[in-house]
Amino acid sequence: MRVLAAMSGGVDSAVAAARAAEAGHDVTGVHLALARNPQTYRTGARGCCTLEDSRDARRAADVLGIPFYVWDMAERFQADVVDDFVAEYAAGRTPNPCLRCNEKIKFAAVLDRAVALGFDAVVTGHHARLGVDGLLRRSVDLAKDQSYVLGVLTREQLSRSMFPLGDSTKTQVRAEATRRGLAVADKPDSHDICFVADGDTRGFLAQRLGAAPGDVVDGATGEVVGRHTGAYAYTVGQRRGLRLDRPAPDGRPRYVLSITPKTNTVTVGPAEALAVSQVQAESPVWIGGPRPTDPVECEVQLRAHGDVVPATVAVTGDGLRAELHQPVRGVAAGQAIVAYRPDPAGDIVLGSATIAV
């Protein structure tokens, strides 16, 4: 097959491209230029969008002996990921920009262009498995599993995707990169939002949304216990940085329970008030089979790297409802809920949706 390898400049994408070439595919490497101004993005081997990353990707392609190109996706990335990130926070939700980048950039804009140019599939370094049955499964390395951020893809997109690393641990991938002479073998993983250069998400949002002072209220009494300069700077479950004027009567710490943009209010309360047993979600995508007509017993993950809990998931009109078999704290609107079916060959992704409540 003629395949396009998305090379971010990290060790995973480099080894994925190498494995695709070794398997006999006709591989072309491409690095996505996602920053309008790359100097403002994270450097020091911490991101995936910098000039440093582009150079690392090119060096890896040279070692592998494959053609290499850079595709400018900066405007699309700005509109579909960065602007969306800001708008979601302004609406009181907590977005996952890596998930949105997969959905809108890597497996939409890039895949569409690749197919138009005659490529059969796109290869990435995501840690997930895609079987011959077309089903998306968790990686064997559960600590690095990325099936959660791939759960937004459609079955058509998955049919043109390749994830060569799903059967390997990260330790094995790094060791292989060393054997292949890839300079990125020891490059640190990226854990931060690439377009928030200094890691200060609150400052990034304040610069774009401006100051919007409002009240912080106690969820039980309705009493004003503090002030904020912008509700967008808070996320459900947050404990630090609340700057409350009045401590709780019992002296226990308070957490953000909800954000209400309409009234510009942040509501706080005790940790136990964060627990939810039911989750409503919208815009579901079903990739593990047809849209279910009856409630499904499965497991759900409610945030990246979050715990998996058993649940009963039912379709409700254009959305879904998940009845959690055990309460979960810190569920935030805007995050994804991904449903899995346990399977001896690896948990199968049934589908995903965006958490509304």
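This note goes through the sheet, hairpins, cores, cavities and single residues of a predicted model.

1. Ground rules. The model is predicted, so local features need pLDDT of at least 70, side-chain atom pairs count only at pLDDT 80 or more, and totals for chains, interfaces and linings use all residues. Residues are numbered from 1 along each chain as its sequence is written, and side-chain values use heavy atoms, with hydrogens and water left out.

2. Open sheet. Five strands form an open sheet in the order β3-β2-β1-β4-β7, with parallel pairing. Strands (E, at least two residues) and helices (H or I, at least four) are DSSP runs, numbered from the N terminus. Two strands pair if DSSP finds at least two bridges between them. The edges are β3 (68–72) and β7 (161–162), each pairing on one side only. Between β2 and β3 there are five bridges, in the parallel sense. G29 has F68 in β3 as its bridge partner.

3. First hairpin. Strands β13 (residues 296–301) and β14 (residues 308–316) run antiparallel and are joined by six bridges. E299 is bridged to P310 in β14. Six residues lie between the strands of this hairpin, and H305 takes a positive phi near 65°.

4. A314 stands opposite R321 in β15. Two residues separate β14 and β15 in the hairpin. G317, in the turn, has a positive phi of about 60°.

5. Nonpolar cores. A nonpolar core is a set of buried Ala, Val, Leu, Ile, Met, Phe, Trp, Tyr and Cys residues joined through side-chain atoms within 4.5 Å. The largest has 41 residues; L32, F77, I105, F195 and F204 touch the most other members. Elements that each supply at least two residues of this core include β2 (26–33), α3 (74–90), α4 (97–116), α8 (201–209), β10 (255–260) and β11 (265–269). A second, separate core of 24 residues includes A57, A60, A61 and V184. In soluble globular proteins, nonpolar side chains tend to be buried together.

6. Which residues does R100 contact, leaving aside its neighbours within four places in sequence? They are D80, V81, D84 and I105, where contact means heavy atoms within 4.5 Å. R100 lies in helix α4. R100 counts as buried because its relative accessible area is 13%; buried means under 20%, exposed over 50%, partly exposed in between (1.4 Å probe, protein chains only).

7. Cysteines. C194 is buried, at 10% relative accessibility. C298 is buried too, at 7%. A disulfide is a pair of cysteine sulfur atoms within 2.5 Å. By this rule there are zero disulfides.

8. Cavities. The structure holds two cavities of 30 Å³ or more. On a 1 Å grid over the protein atoms alone, a cavity is a set of points where a 1.4 Å probe fits but cannot get out; lining residues have an atom within 4 Å of a point. Points are joined across faces, edges and corners, and volume is the space filled by probe spheres set on them. The largest cavity has a volume of about 50 Å³. L302, R303, G306, D307 and V328 line the largest cavity.

9. A356. This residue lies in the segment after β17 (348–355). A356 is partly exposed, at 35% relative accessibility. Leaving aside neighbours within four places in sequence, A356 contacts Q280, A281, E282 and A333. A356 and R93 are 263 residues apart along the chain, with their C-alpha atoms separated by 8.7 Å.

Notes. On a 1 Å grid over the protein atoms alone, a cavity is a set of points where a 1.4 Å probe fits but cannot get out, and a pocket is an open set with protein on both sides within 12 Å along at least five of seven lines; lining residues have an atom within 4 Å of a point.
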